[in-house]
Amino acid sequence: MNYSDFFNMLPELTLIAALLVVFFMDFFCPSTAERKAYLGTGTILMLMPVISTCLGSEPSSAFGGIYVASDAINVMKAILAFGTLVVVIMSKSWVENNWKLSGEFHMLLLSTLLGMFMMMSSGSFLLFFLGLETASVPLACMVAFDRRRKESAEGAAKYILVATFSSGVMLFGISFIYAATGTLYFEDVAQAVSGSPLCIMGLAFFFSGLGFKISLVPFHFWTADTYQGAPTPVTGYLSVISKGAAAITLCTILMKAFGPMVHYWNYMLYIVIVLSITIANLFAIRQSELKRFMAFSSISQAGYIMLAVVGNGQMGVAALTYYVLVYIVANMAVFTVINVVEQQNGGRTDMSAYNGFYQTNPKLSFLMTLALFSLAGIPPFAGMFSKFFVFMAGVQNGEPMAYFVVFIALVNTVVSLYYYLLIVKAMYITKTDNPLPTFKSDEGTKIALAICTAGIALFGVVSYVYGWIAAAGL
């Protein structure tokens, strides 16, 4: 083994170093004052992965090609590390209320991010599966973090059960691929894979396993209950960071390992995209609990994200990465507001809690509206540009079916605008005798909202952002 290969894994090494620092700080901070001071240090430590992923932007490989990091993967790592930093900042007040478990929360967060980094940089199905499980198990613990609520335990149980089943299905598919090609390395699989029944079954099972992680229909049944039961910062993390990592991983493996079978997986994507966007939008209209509402919104957004993969080209990878970046700032802005309102409202997250919200908290209402408009794709916010690039990437291959799928997605943007406006209507129009009283947000909420709002306003109009992503390629 060449130990110098570890230096090609700078983002992962940085996460491991941050994880060890958090562990020892938590272990040697027995007093209440020291533990609360540690919270700020944990936030600062989350800057390390962001900086390392930006510095370690050179393509690299390690251990005979089992670990591969391209420019595009490094850019996505930087984006996901940035999103995780936003999660840490917005969860500051929630963690302070659970300060005895603050060390465990940060360690689990770093552990699952480490697994996602490994998963994205895998050059073999072996490292991919190890990374997937490293990311999934800590996530189940984070979902069950709120021990006082039975919904949290229920959501974690559903998540881990479905994750276990999907992992088994995925392993079954990988075994088919190994039987047909005799290798687990993506580049070697691409040379040996064919349209045989064994390869098609392996592709279908593998796609099903990752479809669970991305919450694509019909692999989405765990999503609403898990999102509702998990603590709000964890729900925000699940909805953007986990989804983004799984999406770029699926895109990379489909193009690198299953490129010769593009005809088969393109039609699988067509069906799943149409079902995900349409069914999720219809179910979102019926929701009155806001975290379940955002769960179906995230399923719909997952369909839009995967639309970029249909193009099967460099533009599709750039569009997917850019969409994830914009989705992070918009979705995290919404969850930041949900988190602070939940803490001020006795744990309520139903939509009726926002009736008349503008009368007492106009600034939060305005920022919530900007984020919802960006999610809906209304110009001039960044969400409109991200959807535009995804649609352009979807029709890049020129197939008539691709044009039909993009048309369905365009029609569904009208439906999504309707249900996002339901929240705006509750805040601005719906009258109530007992609106939520005026309150002052904590510093973490203010900083997180400032970052997210700046991203919503600037990521669409500053061309450098998309140019930086597009220059990375695949």
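Let's start with one word: two residues are in contact when they have heavy atoms within 4.5 Å of each other. Keep that in mind while you look at Phe128, which touches Met119, Ser122, Met170, Phe186, Phe206, Leu210, Thr249 and Ile253, leaving aside residues up to four places away in sequence.

Before going further, some ground rules. This is a predicted model, where local features need pLDDT of at least 70 and side-chain atom pairs count only at pLDDT 80 or more, while totals for chains, interfaces and linings use all residues. Residues are numbered from 1 along each chain as its sequence is written, and side-chain values use heavy atoms, with hydrogens and water left out.

Now zoom out to the whole chain. There are 21 helices and 2 strands; these are DSSP runs numbered from the N terminus, with helices being H or I of at least four residues and strands being E of at least two. Along its principal axes, the C-alpha trace spans about 65 × 55 × 45 Å. For 474 residues, a compact globule would have a radius of gyration near 23 Å, and the chain's 21 Å agrees with that. (This radius is taken over C-alpha atoms, and the globule rule is 2.2 Å times the number of residues to the power 0.38.) Take the contacts in the chain with a separation of 6 or more: 81% of them are accounted for by residues 24 or more positions apart.

What about inside and outside? A residue is buried under 20% relative accessible area, exposed over 50%, and partly exposed in between, using a 1.4 Å probe and protein chains only. Of the 474 residues, 60% count as buried. The accessible surface comes to about 17,700 Å², and 68% of that belongs to carbon and sulfur atoms. Areas like this come from the Shrake-Rupley method with a 1.4 Å probe, and for residues only the protein chains shown count as cover.

Head back inside, to the largest nonpolar core. Such a core is a set of buried Ala, Val, Leu, Ile, Met, Phe, Trp, Tyr and Cys residues joined through side-chain atoms within 4.5 Å. This one has 165 residues, and Phe128 is among those that touch the most other members, along with Phe125, Phe258, Met306, Leu320, Tyr354 and Met368. Which helix gives the most to this core? That is helix 15 (residues 314-344), with 21 residues.

Charged side chains come next. A salt bridge is a side-chain nitrogen of Lys or Arg within 4 Å of a carboxyl oxygen of Asp or Glu, and a search of the whole structure finds 4 of them. One joins Glu12 and Lys77, at 2.7 Å from N to O. Glu12 lies in helix 1 (residues 10-27) and Lys77 in helix 4 (residues 71-90), so this pair ties together parts that are 65 residues apart in sequence. Both Glu12 and Lys77 are buried.

Lys158 has two partners. It meets Glu154 in a salt bridge of 3.1 Å, N to O; both sit in helix 8 (residues 150-181), 4 residues apart, or about one turn of the helix. Lys158 also meets Asp225, at 2.6 Å, N to O. Glu154, Lys158, Asp225 and Arg292 are linked in a network of salt bridges. Lys158 is partly exposed at 29%, as is Glu154 at 40%.

Phe23, found in helix 1, is partly exposed at 38%.

Finally, look at the backbone in a couple of loops. Between helix 10 (197-214) and helix 11 sits Pro218, and the peptide bond from Val217 to Pro218 is cis, with omega near 10 degrees. Ser215 is found in the loop between helix 10 and helix 11; its phi is near 65 degrees, a positive value in a residue other than glycine. Ser215 is buried, with a relative accessible area of 0%. Another cis peptide bond joins Pro379 and Pro380, with omega about 5 degrees, and Pro380 lies in the loop between helix 17 (362-376) and helix 18 (382-394).
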